[in-house]
Each structure stands twice: as structure tokens, then as C-alpha cells.
Amino acid sequence: MPLHRGEDAPKDGSGDRRTLAVNPFYGEANPVAGMAEAPPTHRLPDAPLAPSTAYQLVHDELMLDGNARLNLATFVTTWMEPQAGVLMAECRDKNMIDKDEYPRTAELERRCVAMLADLWHAPDPGAAVGCSTTGSSEACMLAGMALKRRWAHRNADRYPSKDARPNLVMGVNVQVCWDKFCEFWEVEARQVPMEGDRFHLDPQAAAELCDENTIGVVGVLGSTFDGSYEPIAELCAALDRLRERTGLDVPVHVDGASGAMVAPFLDEDLVWDFRLPRVASINTSGHKYGLVYPGVGWALWRSPAELPEELVFRVNYLGGDMPTFALNFSRPGAQVVAQYYTFLRLGREGYRAVQQTARDVARGLADRIGAMGDFRLLTRGDELPVFAFTTAPDVTAYDVFDVSRRLRERGWLVPAYTFPANREDLSVLRVVCRNGFSADLAELLVEDLDRLLPELRRQPYALTHDKDAATGFHH
Ligand SMILES: *Cc1c(COP(=O)(O)O)cnc(C)c1O
């Protein structure tokens, strides 16, 4: 999202830079109602508008936004049942922080935490602690802060001193929230680069980056770059060996923004969660494969021991004395209610069916694209229902940025982007299959791609010079 600058009014005092054109037929747009002039767009209008006129202006402006269901860039939920929408509308005035005023909403949050603790095999689900957040980014900030604080406790004799600068080990493929965490909380980011056809963290390389100032290692389930699961159990095993060798005992946080709501239903034998004693905390995005509209996320700790007490605040000025651990104070309650609704509505079987369908669509689509001959698949949609592909080595007439740009003409948003170190040479396209992206829609995408390819092959060379404009990489 761009940072917005208010464009300043002209210095010569010539007044309004730009006004909106209003069709006089639009409601109250007449001089008597004070609408002789259309309202300005970059400063507050002097007078109110009629609600119908204001609505029409905003509504019209938004018509040029994309069609969410054709957006294959985002992981975030773009479809929910009407009943979920009704519940959310009923709760839109509820503030999550007012736990004393809305005790039932607070109770639904607690039940969601308990359900996730059970789903992720917390050794004692009743003892696991957790909270809702605005998304995984906030959840990762909280989990990272807990890691940092625990490390500070372990190093109370040395910290803060110059030679004790905390670091966090992760793959270079982590989502941008981890770069933010390290920047905001002054932690050194130690990133394992990609190597050859390995596009995520290598357990041994991660263990080798650890030292006495390592607050933890982040494992991602799964990677935003290509949808692959990082090997969490192998990572824990490598850190077990590190402990035997050196005595360093480094905890693991699992960033399960997407995968923590996929693997429990589709990959039950995969051991990645609290079954691994080294996993201290896990986050997920309720608004990704948790199947809720944005924004809700979840952060859970194995037990109270993993969440330093001084990070939990108690406020009494809303009535009651509720412990809170969050960056935000006020936050909408509707998303948490919608999460509980979805848990109740789908249950394990329902989630399994929805995620299996997304995976089937992803695999089927990856196979079709792989069979076209022009592309090389990096992943096949068999971990997250997400796959990345690039052009085959003999394709020189066009590149992935051309494909992204041409698909956009048909309404599809398929982002193209370059990989990070050490594979900056590699540019890929990525397709995220979500609930609501049906096999029928996937077929239409294949048909559009089939139609485009002959034209692309006839190009003299790759034509998309403004690479930034072609991409729409959403983490
Ligand atoms: C999406 C994502 C995030 C950030 O999650 P938000 O819910 O968008 O804040 C963090 N990590 C991973 C792996 C992600 O895919």
C-alpha cells in the first residue's frame, strides 16, 4: 500500500485543484441543497452532502477496483457465506477491547484460541495462551517480542550491552512482516539465502547462523514465494543437534499464516506444530485459509512460560480487569465472531473439504500450465494450494512480466516478481487458489492463457519494460 501524501493546494491561491463532476440527476445535486459545485477531493468539503449523493460518488469511484474473485495474487479471503456477512454486520459496532461490555464476543475469542490450541496439538490445550490480532503481521510482532523478551531474560547479565545485539534467524523467503519486526524492534535479521532449486530455509544452514544472541528461528508454513512448506521438524532436529553440541537452546516460531489452516486438515501426518517441543509459538491469518474476511489473525504460545508476563497488560478503565496482549487497543469484533462462525459451520470435515478443493484446483491448474510446454513449474500446488512457475529455458520472445500484463487485459491478476538472494536471476508467476476460485474459473484462465500464447510467442523480445507496473505481488 502506498503512503499517501496530501497534495498541497496551489500556492498561488487559485483554490481547488480538482473537483468531482456530479451529474445533476444524482439526487440532491441542485443549488438549493448547496450542491451548485461538486465537492473537492483533497480537502474537506465546506458543507455536508446528501447521503445519497455521497454514496453515489464513493460507489462510482470504486467501480474501477478489480474483481476480487479474479485476483490470483492475494491469499486473503474474498468470499464468505451471506450468513457470515449478516453476523459481521450485526457486530460492526463491537469493539474487541471492551471485553467487559461484550463478554460473549470475548468468550468467542477464547473458544477460537482453545480450538486452535487443540488443532495444533498443544500438549495441554487448556494451558495454551493466545489472542486474536488484526492479521498475521501483528501476530508475528507479538511472537517476535515474546522471543526477544525471553532471550533478554536469559541474558539479563549482558543485555543491553553493545556485544549483545539480538538476532532472529529465518529464510530469505520470509514475508515482509519479519523484516518489519527486525527493523521496528531492533533485532538483526539473519537470513538463509536461496540456493539452486531450494527456495526456502535450509535447516542446517539456519542452525549454523545461530549463536548466543539468537532469540529464535522462524519457520514458514508455507512460503509466500512459491507455496512450499518449510521443513519445520528437520529445523527442530537441527536445533536439537545444535543444543547437544553447544548448549544453545533456540526456540522456533512457526509462521503458519496460510499453512496452519491447511496442513491440519490435508497433511495430518506432517509434524510441524506443538507436537515438536521446540515450537514455542504459532501464528495464522484467520483471513487467509481461516476463510474469514480481513482482518483477523491469531497468535498462540505453547504455555504461559513462553509468553513473558510483563508483556501482558491489564486495563481497568473499561470496567473489569482483562489481560490484553496486542499492539492495537480498539479493534473490530466482527471478524472474531466470523471466525467462530466459520469454525462452527465447517468443523474439521468442512475445512478439509474446502482446502482439498482448493488444492485439487491448484494441482489441476499447475498440471495444465506445465503441459503447455512454455513454462517450468517450481511448485505444483501440493503443499499450499499455491504454485509458482517461470518460462521454459528456450522461451525468449516473452517473459513472465509479459504474461502477467497480458492476463490483466482479461481481468486476471497473476503477479510476476523476481526471487530474492541468491536467485535474483529467477522471475516467476504465482497463482494462489482460494475458496471461490472454482475448477470452472481455472478452466477459463487456461483458455485465456492458451489464446494469449501464440501472440506472445510472436513477440520479437520481452516487451514489458516497466516491470513494477506488471507485478502485483501480495504476500
Ligand atoms: C500473509 C503472510 C503474513 C502476513 O499476514 P497478514 O495477515 O497479511 O498480516 C505473514 N507471513 C506469511 C507467511 C504470510 O503468508
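Begin by selecting Asp255 together with the ligand: a polar side-chain atom of this residue lies 2.6 Å from a nitrogen atom of the ligand, a polar contact being a pair of N or O atoms within 3.5 Å. The model is a predicted one, in which local features need pLDDT of at least 70 and side-chain atom pairs pLDDT 80 or more, whereas totals for chains, interfaces and linings use all residues. Residues are numbered from 1 along each chain as its sequence is written, and side-chain values use heavy atoms, with hydrogens and water left out.

Next, select Ser137. An N or O atom in its side chain is 2.6 Å from an oxygen atom of the ligand. Proceed to Lys288, where a polar side-chain atom is 2.8 Å from an oxygen atom of the ligand. Taken alone, the ligand exposes 380 Å², and the protein buries 91% of that (Shrake-Rupley method, 1.4 Å probe).

Now display the whole shell around the ligand. It holds 13 residues, and the closest are Ser136, Ser137, Asp255, His287 and Lys288; a residue is included if one of its heavy atoms lies within 4 Å of the ligand. Three residues of this shell are nonpolar, eight polar and two charged; Asp, Glu, Lys and Arg count as charged, and Gly is among the polar residues.

Finally, select the protein chain and colour by secondary structure. The chain has 12 helices and 13 strands, assigned as DSSP runs of at least four residues for helices (H or I) and at least two for strands (E). Of its 475 residues, 52% are buried, that is, under 20% relative accessible area with a 1.4 Å probe, protein chains only.

Conventions: Polar contact = N/O pair within 3.5 Å; in protein donor to acceptor, adjacent residues only side chain to side chain. Buried < 20%, exposed > 50% of the residue type's maximum accessible area, 1.4 Å probe, protein only.
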